[in-house]
Amino acid sequence: MDLIDLFEENFTKYGELGASVCLWQDGKMVASLAGGFWDREKTRKWTTQTRVLIWSATKGLASACLLHLCDREKIALTRRVAEFWPEYAENGKGDTTLLHVLSHQAGQPGLRNREISFLEHEQVARALAHQEPFWKPGSAHGYHPRTYGFLVDELMRRIGKINVGSYFREVFATPLGLDLWIGLPEELAEEVAPIYAARRAREISVEDPFYDALSDQESLTFQAMSTPAGLTVPSVMNRHDIRTHSLPSFGGIGTAEALATFYYRTFCQPTFFSHERIAELSQTVASGVDRILCIPTAFAAGFMKDPVLQTGQKVRSLFGPSPSAFGQPGAGGSLAFADPKNDVAFAYVMNQMEPGLFPNPKSLRLVRLVYGEDF
């Protein structure tokens, strides 16, 4: 079975609504496929040019911006955040480094003030600067689902006097001709496929530490997944005003072609980073049981990695078989990554979310096929 047949099965067997997949390999775009519909009423067909929300896959774009700015300004990632954002040193955060932020080791996965809206950047940044961290920075790691983008964005503003959305357009998207945005222009805000919440509940397993923690409103997991406040259901992100808002944690919008092209041209055929920096991005800097997700995770500087056992075997394979591949998934099923060692970049986007923490078989079956596993 080839990639086209396997992708078509997503619609006939796996309940996909609208989706695109793009694959770059060996210097060229070798596949760009689309299928399904924008809407549940099936009134508008999905094409390779259909834009859609990519959720946390946005974090990879934001990370690239901060990394590029640090390279441009010759700022080592071991430098302390407070050198650029003095208020951040309060309440035991003085030794937090840029690398701690980029690898989800900052101890700031949520806000202690649960009332601040995710649309109020200045209030969120002020709260992060003044609050006590939830663990000593650098002593543990835990996914920062919402706060990550605010930390990166405030550092961009302090160092470069520019927000992430504008920097991404200026440095990456415009030169590469990418239909990929962190904050859409007004004239494009209605030309986006709506995102739909999962139609079925997750399968309840005997033991699921993440969902057990998420069900406890006093847990750090719940706090991380619900603060800053306001994002109560996925459909909130379909609002015109939110699509135009720069939200570097979870608000990116674009096509699979643009997302895969970004990863390939940035990390596999590099023009923006040195080979030395890309080699560093392939290295895991934090791994083990995640304080928020409650399962093993791993992070490089700015990107997620697949965690690896002491035997060298991967705990899970979101990014293919290569231990050096890195990327970022998004809620409900979107996925994007680069594998510089094998000269591969991959992206999958869709509008019908599925339950669960990580990408599901709709994209992972395609990734496995790319690396030669037959079906």
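## Exercises on a predicted model

A salt bridge joins the side chains of Glu-73 and Arg-72, with N to O at 3.2 Å. The model is predicted, so to speak of local features a pLDDT of at least 70 is needed, side-chain atom pairs count only at pLDDT 80 or more, and totals for chains, interfaces and linings use all residues. Residues are numbered from 1 along each chain as its sequence is written, and side-chain values use heavy atoms, with hydrogens and water left out.

**Exercise 1.** Find out whether Lys-314 and Asp-306, partners in a salt bridge, are buried or exposed.

*Solution.* Start with the criterion: a salt bridge has a side-chain nitrogen of Lys or Arg within 4 Å of a carboxyl oxygen of Asp or Glu. For Lys-314 and Asp-306, the closest N and O atoms lie 2.7 Å apart. Next comes accessibility, where buried means under 20% relative accessible area, exposed over 50%, and partly exposed in between (1.4 Å probe, protein chains only). Both Lys-314 and Asp-306 are buried. Now look back at the opening pair: Glu-73 is partly exposed at 39%, and Arg-72 is partly exposed at 42%. Across the structure there are 17 salt bridges, and Glu-9, Lys-13 and Arg-365 are linked in a network of them.

**Exercise 2.** Describe how helix H4 and helix H5 cross, and which residues make the contact.

*Solution.* First locate the helices, which are DSSP runs (H or I, at least four residues) numbered from the N terminus. H4 spans residues 121-130 and H5 residues 147-160; their axes come within 10 Å and cross at roughly 95 degrees. H4 is therefore roughly perpendicular to H5, a label that covers angles of 65 to 115 degrees. Then list the contact (heavy atoms within 4.5 Å): H4 supplies His-121, Glu-122, Val-124, Ala-125 and Leu-128, while H5 supplies Thr-147, Phe-150, Leu-151, Asp-153, Glu-154 and Arg-157. These residues divide into 5 nonpolar, 2 polar and 4 charged. Finally, turn to burial in H4: His-121, Val-124, Ala-125, Ala-127, Leu-128 and Ala-129 are buried, and H5 is among the elements that cover the buried residues of H4.

**Exercise 3.** Work out how many disulfides the structure has, and where the nearest cysteine sulfur to Cys-65 lies.

*Solution.* Apply the cut-off: a disulfide is a pair of cysteine sulfur atoms within 2.5 Å. A search of the whole structure gives 0 disulfides. For Cys-65, the nearest cysteine sulfur belongs to Cys-70 and is 11 Å away. Cys-65 is buried, at 0% relative accessible area, whereas Cys-294 is partly exposed at 23%.

How values were computed:
Axes fitted to C-alpha atoms, helices over the stretch in contact; angles between N-to-C directions. Helix = DSSP H or I, 4+ residues; strand = E, 2+ residues; numbered from the N terminus. Parallel < 35°, antiparallel > 145°, perpendicular 65-115°, else oblique. Nonpolar A, V, L, I, M, F, W, Y, C, P; charged D, E, K, R; others polar.
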